[in-house]
Amino acid sequence: MPVITFANSKGGSGKTTSALLLANALALGKPTAIIDADPRKPIASWKKKSDERGTFPANLTVVSDVNEDNLIDKIETLKQLNTFVIVDLEGLASKMMSYAVARSDYILVPCKEQQQDVEAALQVLGALKRDFQMLNRNVPFSLLFTMTKYVKSRSSRAIVDQLKATTIAVFQTEITERDPYSQIFMRGGTIYDLKGVVTNIDKAIEEVDAFTVELIDRLKQTRKAA
Ligand SMILES: Nc1ncnc2c1ncn2[C@@H]1O[C@H](COP(=O)(O)OP(=O)(O)OP(=O)(O)O)[C@@H](O)[C@H]1O
Ligand SMILES: [Mg+2]
């Protein structure tokens, strides 16, 4: 079953947020596991809050006791039990990225729409390509713009348009900067628990749906191409 890894060695690019939004969306319908491969354990801490408030989603498994020695074994075991396995890596270059890449079916590189962030993301794509050479295996990957503004500045628009015009794969869906996406880390639970609690939650849910549908489409396309 597909393994989707969120990788970007630049800290604070939106990996954990996008990974958790996707995991919660997938878990609405299918058994889904998320591996918290960041030693600071942001997803384990989200799980603790969710458990305390009784808002931890059914169908979701969080695994956080991972390290370089056991990451591949954990992925293999979770693949047997879940329809989707998501890996959230830390924001540092580490061997974990290569191990996760070795077992991934799709890699998402979350990136803010700022010049320095795009340059850092391009370096990550370079590192991924070296991993593919080492493994003698290509894994489909795509940039995912995160924390984007609803109303874009001229420079952000130029950066995004410039990239979308290259052959580098870029997700059509962007993860906009939205309060509910950071609120779930403070209060536990999912964006679906915020229906009727915060304003504009429907827009957030629509966006995460579109992101999830695009990912599933891309997984299907890559399977067809294989
Ligand atoms: N789409 C978003 N809307 C609002 N806030 C966001 C969004 N994405 C990320 N954030 C906030 O930005 C900060 C960094 O995000 P996040 O932790 O997801 O990045 P990361 O790439 O996982 O970071 P690290 O490299 O440290 O693991 C967090 O405070 C998070 O709440
Ligand atoms: Mg993170």
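This is a predicted model: local features need pLDDT of at least 70, side-chain atom pairs count only at pLDDT 80 or more; totals for chains, interfaces and linings use all residues.
**Exercise 1. Classify the packing of H1 against H8.**
Task: Find how helix H1 is oriented relative to helix H8, and which residues make the contact.

Solution. 
- Step 1. Locate the helices. H1 covers residues 15-27 and H8 covers residues 201-225.
- Step 2. Take the geometry. The axes lie 10 Å apart, at an angle of about 80 degrees.
- Step 3. Classify. Angles of 65 to 115 degrees count as roughly perpendicular, so H1 is roughly perpendicular to H8.
- Step 4. List the contact. H1 contributes Ser 18, Leu 21, Leu 22, Ala 25 and Leu 26. H8 answers with Val 208, Phe 211, Thr 212, Leu 215 and Ile 216.
- Step 5. Sort by class. The contact has eight nonpolar and two polar residues, with no charged ones.

**Exercise 2. Follow H4 to its two partners.**
Task: Determine how helix H4 sits against helix H3 and against helix H5.

Solution. 
- Step 1. Start with H3, residues 71-81. Its axis is 9 Å from that of H4, and the angle is about 30 degrees.
- Step 2. Classify. The cut-off for roughly parallel is under 35 degrees, so H3 and H4 are roughly parallel to each other. Their crossing is right-handed.
- Step 3. Read the H3 contact. Leu 71, Ile 72 and Ile 75 in H3 touch Met 96, Tyr 99 and Ala 100 in H4. By class this gives six nonpolar residues, no polar and no charged.
- Step 4. Turn to H5, residues 115-135. Its axis and that of H4, residues 95-102, come within 10 Å and cross at roughly 60 degrees.
- Step 5. Classify again. H4 and H5 are therefore oblique to each other. Here too the crossing is right-handed.
- Step 6. Read the H5 contact. From H4 come Met 97, Ser 98, Val 101 and Ala 102. From H5 come Val 124, Ala 127, Leu 128, Asp 131, Phe 132, Met 134 and Leu 135. The classes are nine nonpolar, one polar and one charged.

**Exercise 3. Describe the largest pocket.**
Task: Give the volume of the largest pocket and the makeup of its lining.

Solution. 
- Step 1. Size it. The space amounts to about 220 Å³.
- Step 2. Name the lining. Residues include Pro 2, Ser 104, Asp 105, Arg 137, Val 139 and Pro 140. Leu 219, Thr 222, Arg 223, Ala 225 and Ala 226 also line the pocket.
- Step 3. Sort by class. Six are nonpolar, two polar and three charged.

Technical notes: Residues are numbered from 1 along each chain as its sequence is written. Chains are lettered from A and ligands numbered from 1 in the order in which they are written. Side-chain values use heavy atoms; hydrogens and water are left out. On a 1 Å grid over the protein atoms alone, a cavity is a set of points where a 1.4 Å probe fits but cannot get out, and a pocket is an open set with protein on both sides within 12 Å along at least five of seven lines; lining residues have an atom within 4 Å of a point. Grid points are joined across faces, edges and corners, and a volume is the space filled by probe spheres set on the points. Ala, Val, Leu, Ile, Met, Phe, Trp, Tyr, Cys and Pro count as nonpolar, Asp, Glu, Lys and Arg as charged, and the others, Gly among them, as polar. Axes are lines fitted to C-alpha atoms, for helices over the stretch in contact, and angles run from 0 to 180 degrees between N-to-C directions. Helices (H or I, at least four residues) and strands (E, at least two) are DSSP runs, numbered from the N terminus. Angles under 35 degrees count as roughly parallel, over 145 as roughly antiparallel, 65 to 115 as roughly perpendicular and the rest as oblique. A crossing is left-handed if the near helix is turned anticlockwise from the far one by less than a right angle, and right-handed if clockwise. Contact means heavy atoms within 4.5 Å.
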